[in-house]
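User: I would like to learn how to read a structural model step by step. Could you take me through the main features, giving the general idea and then the case at hand?

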Amino acid sequence: MTLRMTFRGAAVPAEPGQSVGAALVAAGILDWRVTRKAGRPRGLFCGIGVCFDCLITIDGVPDRRACLVPAADGMRLGDDPHEASGGGGHDGHA
């Protein structure tokens, strides 16, 4: 059974047991936010919850680590107004 999520309005399929980050990468979405100061793209980096590069807004809740959150049917990803406008992530890094 394939799960369906949306990333900024676009459909993203996911397999049961897959993380949000893995599903985004499998769908060809390699970055989903930018750093505050330098505007550098960020997405999945370590994939095991050690870093904070993969922070994303999930169902309106900001700063979730995409590599640790299991994908679920109907999830809305990247809804944060700051993310959608390219206004930056929430990591505090340059």
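This is a predicted model: local features need pLDDT of at least 70, side-chain atom pairs count only at pLDDT 80 or more; totals for chains, interfaces and linings use all residues.

User: Is Pro41 buried or exposed, and with which residues is Pro41 in contact?

Analyst: Buried means under 20% relative accessible area, exposed means over 50%, and partly exposed is in between, with a 1.4 Å probe and protein chains only. Pro41 has a relative accessible area of 51% and is therefore exposed. Contact means heavy atoms within 4.5 Å, and, leaving aside neighbours within four places in sequence, Pro41 is in contact with Asp31, Arg33 and Val34. Asp53 lies 12 residues from Pro41 in sequence, and their C-alpha atoms are 9.2 Å apart in space.

User: In what order do the elements of the chain run?

Analyst: The chain has two helices and seven strands, and from the N terminus on the order is β-β-α-β-β-β-β-β-α. Of the contacts with a separation of 6 or more, 42% are between residues 24 or more positions apart.

User: How many bridges join E1 and E2, and how many join E5 and E6?

Analyst: Two strands pair if DSSP finds at least two bridges between them. E1 and E2 pair in the antiparallel sense over five bridges, with Val12 in E2 as the bridge partner of Met5. Strands E5 (residues 55–58) and E6 (residues 61–65) also run antiparallel and are joined by three bridges; Leu55 stands opposite Arg65 in E6.

User: What is the phi of Arg8, and what is the phi of Asp59?

Analyst: Arg8 has a phi near 50°, a positive value in a residue other than glycine, and belongs to the hairpin of E1 and E2, which has two residues between the strands. Asp59 likewise has a positive phi near 50°, in the turn of the hairpin that E5 and E6 form with two residues between them. Arg8 is partly exposed, with a relative accessible area of 40%, and Asp59 is partly exposed at 36%.

User: Which residues have the most contacts inside the largest nonpolar core?

Analyst: In soluble globular proteins, nonpolar side chains tend to be buried together. A nonpolar core is a set of buried Ala, Val, Leu, Ile, Met, Phe, Trp, Tyr and Cys residues joined through side-chain atoms within 4.5 Å. The largest one here has 19 residues, and those with the most contacts inside it are Met5, Phe7, Val20, Leu24, Trp32, Ile56 and Leu77. The elements that give two or more residues to this core are strand E1 (3–7), strand E2 (10–14), helix H1 (20–26) and E5. Leu24 touches Phe7, Val12, Ile29, Trp32, Ile56 and Leu77, not counting residues up to four places away in sequence.

User: How much of the chain is buried?

Analyst: Buried residues make up 38% of the 94 residues in the chain. Val25, which lies in helix H1, is partly exposed, with a relative accessible area of 34%.

Technical notes:
Residues are numbered from 1 along each chain as its sequence is written. Side-chain values use heavy atoms; hydrogens and water are left out. Helices (H or I, at least four residues) and strands (E, at least two) are DSSP runs, numbered from the N terminus.
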